Amino acid sequence: MGEATTVPARRIGPRLLVMLVVFAIVLVVSAALGSAAAGNAVTALGAGALTAAGGLLLYRWIVGRIERRPVDEIAADRMVPQLARWAGAGVALFTVTIGVIALFGGYRVAGWGSVSAAVATLGTMIGAAVAEELLFRGALFRLVEQWLGTWVALAVSGVLFGALHLLNPGATVWGAIAIAAEAGLMLGAAYTATRSLWVPIGLHLGWNFAESGLFGTVVSGTTGTHGLLRGAASGSDVVSGGGFGPEGSVFAIVAGGAVAAVLLRRAYRRGLIVRRGGAG
């Protein structure tokens with residue numbers, strides 16, 4: 001199977017601008033609703049589901065109208081199996097990562113949280129994962145890839161995804177670089193290898209829910225972390241991630257990079273890497 005080539009910039013620029021503006025607004029609205037509803041399990045779960053469903057319907061409508069094609073990347077028949085499989089993979093990947101961090105003295109359990117806190121966190125993470133993936137993979141990565149190829153799209157979307165996390169209260173430059181290198185690259189690779197947004201959405205959701213909702217650690221420098229456990233960072237920031245959370249750990253970077261490498265190898269073998277050629 002041959003590699004796809006890029007298309008001229010004049011065909012990409014206007015739709016990229018429209019989609020970036022629209023889904024940046026979706027992300028802001030999702031974050032605001034998630035923050036407002038975070039104190040209650042039922043309202044948080046409802047707000048997360050509502051904003052996720054609204055964002056997905058809006059994405060389907062805009063892409064279908066602008067690009068005049070079936071929106072196969074969020075095909076309904078693949079939603080449940082892919083979300084379930086890849087959310088599970090995200091939970092498993094974070095569990096292994098935090099286990100290694102704990103083995104090297106960077107994480108310990110400080111006490112118990114609650115089931116209701118975990119459910120509320122799940123609602124928040126549903127809204128965040130969908131909104132961020134629609135913006136960064138559905139809009140930014142996908143359209144930049146059509147314009148400049150897969151490798152440039154991975155770099156651009158990864159850097160901007162990391163930069164977004166500089167807005168978080170406990171953000172650090174190192175943490176943003178780590179997010180760009182691990183999550184930005186891994187999630188872009190997940191879309192590249194499958195051409196389905198359900199895959200990065202599921203992976204993103206599973207990782208973030210496990211991070212906060214199960215193990216009670218800080219997510220990307222945010223505050224108000226609650227889950228089944230109350231986690232505490234200890235030892236070197238290089239190992240634990242410090243105030244930014246486990247995503248700032250060198251072990252998280254290795255884990256995300258390893259998964260990205262496997263997925264990109266799979267994409268290359270299947271001829272799914274878009275090479276730059278013919279862009280104008």
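Q: In this predicted model, which residue just after H6 takes a positive phi?
A: Arg-195 does, with a phi of about 55°.

Q: What makes the length of H6 agree with that of a helix?
A: H6 covers residues 173-194, which is 22 residues. At 1.5 Å a residue they should span 32 Å, and the end C-alpha atoms are 31 Å apart, so the two values agree.

Q: Where does H6 bend, and by how much?
A: The bend is at Ala-180 and is about 30°.

Q: Why is H6 called mostly covered?
A: Buried means under 20% relative accessible area. In H6, 17 of the 22 residues are buried.

Q: Why is H6 called roughly parallel to H9?
A: The axes of H6 and H9 (residues 250-269) cross at roughly 25° and come within 8 Å. Angles under 35 degrees count as roughly parallel, so H6 and H9 are given that name. H6 passes H9 in a left-handed crossing.

Q: Which residues make the contact between H6 and H9?
A: From H6 they include Trp-174, Glu-182, Leu-185 and Met-186. From H9 they include Ile-253, Val-259, Leu-263 and Arg-266.

Q: How do H3 and H7 meet?
A: Their axes come within 6 Å, and H3 passes H7 in a right-handed crossing. Among the residues in contact are Trp-86, Leu-93 and Phe-94 of H3, with Trp-198, Gly-206 and Trp-207 of H7.

Q: How do you know that H7 is largely enclosed by the rest of the structure?
A: Of its 17 residues, 16 are buried, so H7 is largely enclosed.

Q: What follows H7?
A: Gly-216 does, and its phi is positive, near 65°.

Q: Why is Ala-118 called buried?
A: Ala-118 lies in H4 (residues 115-148). Its relative accessible area is 7%, and the cut-off is under 20%, so Ala-118 is buried.

Q: Which residues are in contact with Ala-118, leaving aside its neighbours within four places in sequence?
A: They are Phe-209, Gly-213, Gly-227 and Leu-228.

Q: How far apart are Ala-118 and Phe-215 in sequence and in space?
A: They are 97 residues apart in sequence, and 9.6 Å apart in space, C-alpha to C-alpha.

Notes:
Residues are numbered from 1 along each chain as its sequence is written. This is a predicted model: local features need pLDDT of at least 70, side-chain atom pairs count only at pLDDT 80 or more; totals for chains, interfaces and linings use all residues. Side-chain values use heavy atoms; hydrogens and water are left out. Helices (H or I, at least four residues) and strands (E, at least two) are DSSP runs, numbered from the N terminus. The expected span of a helix is 1.5 Å times one less than its number of residues. The bend at a residue is the angle between axes fitted to the seven residues ending there and the seven starting there. Buried means under 20% relative accessible area, exposed over 50%, partly exposed in between (1.4 Å probe, protein chains only). Axes are lines fitted to C-alpha atoms, for helices over the stretch in contact, and angles run from 0 to 180 degrees between N-to-C directions. A crossing is left-handed if the near helix is turned anticlockwise from the far one by less than a right angle, and right-handed if clockwise. Contact means heavy atoms within 4.5 Å. Angles under 35 degrees count as roughly parallel, over 145 as roughly antiparallel, 65 to 115 as roughly perpendicular and the rest as oblique.
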